[in-house]
Amino acid sequence: MMTFQQIVLASHNAGKLKELQAMLGDTVQLRSIGEFSSVEPEETGLSFVENAILKARNAARISGMPALADDSGLAVDFLGGAPGIYSARYADGKGDAANNAKLLDVLKDVPQEQRGAQFVCVLALVRHADDPLPILCEGLWHGRILTQASGEHGFGYDPLFWVPERDCSSAELSPADKNQISHRARAMSLLRQRLGLA
Ligand SMILES: O=P(O)(O)OP(=O)(O)OP(=O)(O)OC[C@H]1O[C@@H](n2cnc3c(O)ncnc32)[C@H](O)[C@@H]1O
Ligand SMILES: [Mg+2]
């Protein structure tokens with residue numbers, strides 16, 4: 001079994017750090033890569049897996065610590081899985097509000113039954129920068145894209161993501177509830193099993 005006291009989180013997204021640390025519990029401390037560098041690596045992969053590995057290796061190299069990366073995004077059925085790995089860059093780097101506005105606009109004439117979508121999360125853990133065997137865990141969360149934003153919690157596309165099992169948006173869930181059922185929660189549950197923490 002692998003044991004870690006501290007892992008560097010290869011992410012500059014504060015929302016991810018909060019959620020992942022809450023899910024991991026206090027046996028493992030996540031340190032932000034922001035403590036070591038403010039430079040974000042270019043996400044040049046063509047898949048969530050490739051980008052997660054690339055971010056994890058980069059953080060391990062910079063910090064000298066084991067590194068965990070989260071590559072995630074929203075795959076909309078009507079858009080053939082877009083924005084997918086480009087979710088963070090959907091509105092050309094203008095941020096969450098612009099991403100959400102663009103998605104609402106692109107889907108404005110699309111009826112309810114064709115608004116299916118899933119959040120995707122891939123976690124990659126490397127023991128060191130050149131680790132030949134990264135641990136990879138994936139989680140999906142099925143829902144639908146709302147026609148207007150709703151809710152104040154979470155981050156990113158949460159206000160637009162309707163959660164069928166709770167009949168509310170993902171931004172209307174309490175942080176604790178989101179952390180039980182989200183794409184990230186599913187991926188983290190698998191990771192905890194792999195690390196012998198579950
Ligand atoms: O790459 P790092 O530094 O980790 O931070 P990032 O925000 O750029 O993260 P990604 O490249 O993985 O892009 C993920 C995109 O998907 C969105 N996203 C991922 N998980 C989400 C969640 O739980 N709720 C809402 N939006 C989410 C997020 O807002 C980004 O636009
Ligand atoms: Mg990113």
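Five helices and seven strands make up the secondary structure of the protein; helices (H or I, at least four residues) and strands (E, at least two) are DSSP runs, numbered from the N terminus. This is a predicted model, in which local features need pLDDT of at least 70 and side-chain atom pairs count only at pLDDT 80 or more, while totals for chains, interfaces and linings use all residues. Residues are numbered from 1 along each chain as its sequence is written, and chains are lettered from A and ligands numbered from 1 in the order in which they are written.

**The whole chain**

Along the sequence, the pattern reads β-α-β-α-β-α-β-β-β-β-α-α. The C-alpha atoms fill a box of roughly 50 × 30 × 25 Å along the principal axes. The radius of gyration is 17 Å, which agrees with the value near 16 Å that a compact globule of 198 residues would have; the radius is taken over C-alpha atoms, and the globule rule is 2.2 Å times the number of residues to the power 0.38.

Of the 198 residues, 37% count as buried. A residue is buried if 20 or more other C-beta atoms lie within 10 Å of its own, exposed if 12 or fewer, and partly exposed in between, with C-beta atoms placed from the backbone. Among contacts with a separation of 6 or more, 56% come from residues 24 or more positions apart; two residues are in contact if their C-beta atoms, placed from the backbone, lie within 7 Å.

**The sheet**

Next, select the strands. Seven of them form an open sheet with mixed pairing, in the order β2-β1-β3-β4-β5-β6-β7. Because β2 and β7 (168–169) stand at the edges with a single partner strand each, one side of each is left without a neighbour in the sheet. Two strands pair if DSSP finds at least two bridges between them.

Start at the β2 end. Strand β1 (residues 6–9) runs parallel to β2, joined by four bridges, and Val8 has Arg31 in β2 as its bridge partner. Helix α1 (residues 14–24) lies across β1, β2 and β3, running at about 165° to β2; axes are lines fitted to C-alpha atoms, for helices over the stretch in contact, and angles run from 0 to 180 degrees between N-to-C directions.

Then move to strand β4 (residues 116–126), which pairs with strand β5 (residues 135–145) in the antiparallel sense over 10 bridges. Here Ala117 is bridged to Gly143 in β5. Two bridges link β5 to strand β6 (residues 161–163), also antiparallel, and Arg144 has Trp162 in β6 as its bridge partner.

**The annotated residues**

Now display Glu42 and Asp71, which UniProt lists for "binding site" in an unreviewed entry. They are spread over 30 residues of sequence but cluster in space, the largest C-alpha distance being 12.5 Å. UniProt, again in an unreviewed entry, also lists Asp71 for "active site". Such positions are given in the numbering used here, feature names are shortened, and annotations may be inferred rather than shown by experiment.

Is Glu42 buried or exposed? Glu42 counts as exposed because 9 other C-beta atoms lie within 10 Å; this residue sits in the loop between β2 (29–32) and α2 (48–63). Asp71, in strand β3 (residues 67–76), is buried, with 26 other C-beta atoms within 10 Å. Apart from neighbours within four places in sequence, Asp71 contacts Phe48, Asn51, Ala52, Lys55 and Val122.

**Ligand 1**

Centre the view on ligand 1. It is surrounded by 23 residues, the closest being Ser11, Asn13, Ser72, Ala88 and Gly156; a residue is near a molecule or strand if its C-beta atom, placed from the backbone, lies within 6 Å of it. Which element gives the most to the shell around ligand 1? Strand β3 does, with five residues, and α3 (96–106) also supplies at least two.

**A last stop**

Finally, select Asp26, in the loop between α1 and β2. Asp26 counts as exposed, having 7 C-beta neighbours inside 10 Å. Asp26 and Met188 are 162 residues apart in sequence and 14 Å apart in space, C-alpha to C-alpha.
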